[in-house]
Amino acid sequence: MVAPPDNDVLWARALHVTHNGSPALTGVSLGVREGEILAVTGPRGSGKTTLLQCLSGQLLAQQGEVWFNSTPVHTMGPLVRERLRRDRFGWIDPEPHLVPELTAWENVALPMMLRGSSHRVSKPAAQEWLDRLDIGGCARKRPHALRQSERQRVAIARALVTTPSVLFADEPTAPLHRADHTLALRTLTTAARSHGITVVLATYDPDVAALADRTVTLLDGRRVNTVHLPGSEGGAGASGGAARTTAPRTAAATADASGAPGTTSTTSTTSTTATGPAQTEGRAACSLSA
């Protein structure tokens with residue numbers, strides 16, 4: 001077992017995952033630097049959600065290793081991994097999974113309450129994030145009284161309220177209209193930059209991927225690189241955010257044979273699933289007062 005580089009907050013090596021006999025990930029390796037926004041792109045069914053689930057400890061790969069801050073996640077027991085997700089990670093799903101009995105602010109405050117924060121501390125923190133996402137007026141409404149876009153923004157606020165070490169965002173703006181989409185992305189990226197939150201973002205939207213510092217691409221469960229033909233002229237190839245480069249015409253995407261962490265890539269995306277508030281949320285509901 002080889003320890004990851006010191007500057008990688010997340011590190012995965014040679015992940016292999018099979019769902020019902022079909023390969024979901026085949027030898028995928030990568031490293032995510034602290035404070036980095038990394039976009040994972042690729043067509044539907046390429047393994048993006050599975051990769052995020054493995055990195056966040058929701059899913060154990062059949063083969064391979066996952067490390068968080070030089071601690072092996074793949075050797076942790078279920079309860080330790082659950083505690084890791086609760087205390088250090090945040091998760092945003094393509095569809096908002098809110099506790100129906102709780103108001104918007106209670107849903108946002110729930111992760112703080114589960115960590116032991118008082119009502120007096122949790123409520124203003126929840127209200128602040130709702131205000132940042134322009135839904136402060138919905139604080140006392142329950143999910144059934146909210147529009148889909150409002151429910152998604154509540155879910156985004158819930159993921160950010162604890163300022164997690166790593167935020168996993170699986171198509172976070174998929175259900176949002178363009179105006180809501182822009183506001184949510186701006187809030188998400190600004191919060192990540194200002195609070196030093198590492199973000200692993202799965203997306204099919206090139207506009208979303210362009211906000212990332214770096215992009216990696218999956219195709220049929222494998223990490224792929226863009227190959228540039230020598231002597232080509234014209235076209236530009238992009239690799240997302242601050243890592244963007246301009247090169248001769250982009251040719252085909254080919255499998256990354258080395259599978260080595262830290263190799264950059266390119267493309268577009270999708271996906272599903274949730275960390276954070278689940279069955280425990282319902283039990284916590286009775287302890288919250290409006």
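Phe-68 has Thr-71 in strand S5 as its bridge partner. This pair belongs to a predicted model, in which local features need pLDDT of at least 70 and side-chain atom pairs count only at pLDDT 80 or more, while totals for chains, interfaces and linings use all residues. Residues are numbered from 1 along each chain as its sequence is written, and side-chain values use heavy atoms, with hydrogens and water left out.

The protein has 8 helices and 11 strands; helices (H or I, at least four residues) and strands (E, at least two) are DSSP runs, numbered from the N terminus. Of its 290 residues, 52% are buried. Here buried means under 20% relative accessible area, exposed means over 50%, and partly exposed lies in between (1.4 Å probe, protein chains only). Among contacts (heavy atoms within 4.5 Å) with a separation of 6 or more, 74% link residues 24 or more positions apart.

Strands S4 and S5 run antiparallel and are joined by 2 bridges; two strands count as paired if DSSP finds at least two bridges between them. As a general point, strands of a sheet pair through backbone hydrogen bonds, either parallel or antiparallel.

Ala-14, in strand S1 (residues 8-19), has a phi near 50°, a positive value in a residue other than glycine. Ser-70 is not a glycine either, and its phi is also positive, at about 65°. Ser-70 sits in the loop between S4 (63-68) and S5 (71-72). Both residues are partly exposed, Ala-14 with a relative accessible area of 26% and Ser-70 with one of 38%.

Strand S7 pairs in the parallel sense with strand S6 (residues 89-92) over 4 bridges, and Gly-90 stands opposite Leu-167 in S7. S7 also pairs with S8 in the parallel sense, over 5 bridges, with Val-166 opposite Thr-198 in S8. Because 5 of the 5 residues of S7 are buried, this strand is largely enclosed by the rest of the structure. Val-166, Phe-168 and Asp-170 point one way from S7, whereas Leu-167 and Ala-169 point the other way. In a regular strand, side chains alternate between the two faces of the sheet.

Turning to the interior, a nonpolar core is a set of buried Ala, Val, Leu, Ile, Met, Phe, Trp, Tyr and Cys residues joined through side-chain atoms within 4.5 Å. The largest such core holds 40 residues, and those that touch the most other members are Ile-92, Val-108, Leu-130, Val-154, Leu-160, Leu-167 and Val-199. Elements that give two or more residues to this core include strand S3 (37-41), helix H3 (104-114), helix H5 (148-160) and strand S7 (166-170). Apart from this core lies another, of 29 residues, among them Leu-51, Val-166, Phe-168 and Val-200. Leaving aside residues up to four places away in sequence, Val-154 touches Leu-98, Ala-104, Asn-107, Val-108, Leu-130, Ile-135 and Leu-146.

Two aspartates complete the picture. Asp-205 lies in the loop between S8 and H7. This residue is buried yet has no salt bridge, and the nearest side chain of opposite charge, Arg-178, is 4.5 Å away. A salt bridge requires a side-chain nitrogen of Lys or Arg within 4 Å of a carboxyl oxygen of Asp or Glu; for charge, Lys and Arg count as positive and Asp and Glu as negative, while His and the chain ends are not counted. The side chain of Asp-205 does make a polar contact with that of His-181, at 3.3 Å. A polar contact is a pair of N or O atoms within 3.5 Å; within protein, one must be able to donate a hydrogen and the other to accept it, and residues adjacent in sequence count only if both atoms are side-chain atoms.

Asp-213, in the loop between H7 and strand S9 (214-219), counts as buried at 18% relative accessibility. Its side chain is joined to that of Arg-193 by a polar contact of 3.0 Å. The C-alpha atoms of Asp-213 and Leu-38 are separated by 6.0 Å, although the two residues are 175 residues apart along the chain. Strands S3 and S9 run parallel and are joined by 4 bridges, with Thr-217 in S9 as the bridge partner of Thr-41. With 5 of its 6 residues buried, S9 is largely enclosed by the rest of the structure.
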